[in-house]
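Please take a moment with the sequence and the model shown here before reading on. The paragraphs after them are meant to be read with the structure in view.

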Amino acid sequence: MFNIVIFGPPGSGKGTQSKLIIEEYDLMHLSTGDILRGEMARKTPLGLEAKKLIEKGELVPDDIVIEMVKNKIDENLDQKGFIFDGFPRTCEQAEALDRLLEERNTTISVMISLEVEEDELVKRLLKRAEEEGRQDDNLDVIKNRIKVYNDVTCKVADYYGKTGRHRPVDGSGDIEKIFDRICGAINQEKASA
Ligand code: AP5
Ligand code: MG
């Protein structure tokens, strides 16, 4: 298996780039945000619990998210690999993911970290609010999502950095150009593997 984490603040393009990456490298997209929004839409007990936190821009508890990811991995062990989008978001999640993958004789090869200025993130998410009406895309919640990223989530980059797996990529400009930069980083990783 070849597994990647795509990382970055809200609006940095994780979902947009994941769609291109899965085509190019034949990976399975595993987005915890998408799974949670699916649970919310179906009004499951987990969805109703998560809704209260997501609408405030707060993180859903680690144990819930880790269990969700574990199930998704085990349902898809026949895949060539995964791209994890929006997960891990805490160091506890990162450690749990490493353990889960190790137990299945695989690992995260590289973490692609999209770097985008805060003004641009807010601009993109407010535009998406007009186009799609995602419930957590309003200015107050966007500000809190960015705060949670800066306070908690960005430490996950150091976690991967310690084992030489953190690759920062400029996430500004054209979607296609960003994708080229990401492929450059992934191909370099594949060549050295
Ligand atoms: P999640 O769904 O992961 O949201 P997020 O991290 O806030 O990120 P977004 O999905 O908003 O942005 P993105 O980086 O995917 O960018 P996108 O490609 O969409 O999480 C939502 C919530 O769920 C969390 O707040 C938390 O409550 C909970 N949660 C999820 N995972 C969790 C976890 N592991 N632990 C605990 N809680 C968790 O792009 C954004 C917009 O910009 C789009 O409209 C796109 O078309 C546009 N765009 C993209 N690229 C460009 C470009 N280059 N130029 C111009 N526009 C662009
Ligand atoms: Mg996303």
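The model is a predicted one, and a careful reader may wish to begin with its secondary structure, which comes to nine helices and five strands. If you follow the chain from the N terminus, these elements come in the order β-α-β-α-α-α-β-α-β-α-α-α-β-α. The radius of gyration is 16 Å, close to the 16 Å that the globule rule gives for 193 residues, so the chain is as compact as a globular protein of that length. Along the principal axes, the C-alpha atoms fill a box of roughly 45 × 40 × 30 Å.

In the loop between α1 and β2 (28-31) you will find aspartate 26, whose phi is near 55°, a positive value in a residue other than glycine. Further along, proline 88 lies in the loop between β3 (82-85) and α5 (91-103), and the peptide bond that joins phenylalanine 87 to this proline is cis, with omega at about -5°.

We can now turn to the ligand. Where does ligand 1 sit among the pockets of this protein? The space that ligand 1 takes is the largest pocket. Helices α1 (14-25), α2 (32-41), α6 (118-132) and α9 (175-192) are the elements that give two or more residues to the shell around ligand 1, and α2 gives the most, with four residues.

How many residues surround ligand 1, and which are the closest? There are 30 of them, and the closest are Thr16, Thr32, Glu58, Arg89 and Arg128. Sorted by class, this shell is made up of eleven nonpolar, ten polar and nine charged residues.

Individual atoms of the protein can also be paired with atoms of the ligand. Serine 12 has a backbone N or O atom 3.3 Å from an oxygen atom of ligand 1, while in glycine 15 a backbone N or O atom lies 3.0 Å from an oxygen atom of ligand 1. Arginine 124 takes part through its side chain instead, with a polar atom 3.4 Å from a nitrogen atom of ligand 1. Taken alone, ligand 1 would expose 1000 Å², and the protein buries 87% of that area.

Terms used
Residues are numbered from 1 along each chain as its sequence is written. Chains are lettered from A and ligands numbered from 1 in the order in which they are written. This is a predicted model: local features need pLDDT of at least 70, side-chain atom pairs count only at pLDDT 80 or more; totals for chains, interfaces and linings use all residues. Side-chain values use heavy atoms; hydrogens and water are left out. A residue is near a molecule or strand if one of its heavy atoms lies within 4 Å of it. A polar contact is a pair of N or O atoms within 3.5 Å; within protein, one must be able to donate a hydrogen and the other to accept it, and residues adjacent in sequence count only if both atoms are side-chain atoms. Accessible areas come from the Shrake-Rupley method with a 1.4 Å probe; for residues, only the protein chains shown count as cover. On a 1 Å grid over the protein atoms alone, a cavity is a set of points where a 1.4 Å probe fits but cannot get out, and a pocket is an open set with protein on both sides within 12 Å along at least five of seven lines; lining residues have an atom within 4 Å of a point. A molecule sits in a cavity or pocket if more than half of its atoms lie within 2 Å of its grid points. Ala, Val, Leu, Ile, Met, Phe, Trp, Tyr, Cys and Pro count as nonpolar, Asp, Glu, Lys and Arg as charged, and the others, Gly among them, as polar. The radius of gyration is taken over C-alpha atoms; the globule rule is 2.2 Å times the number of residues to the power 0.38.
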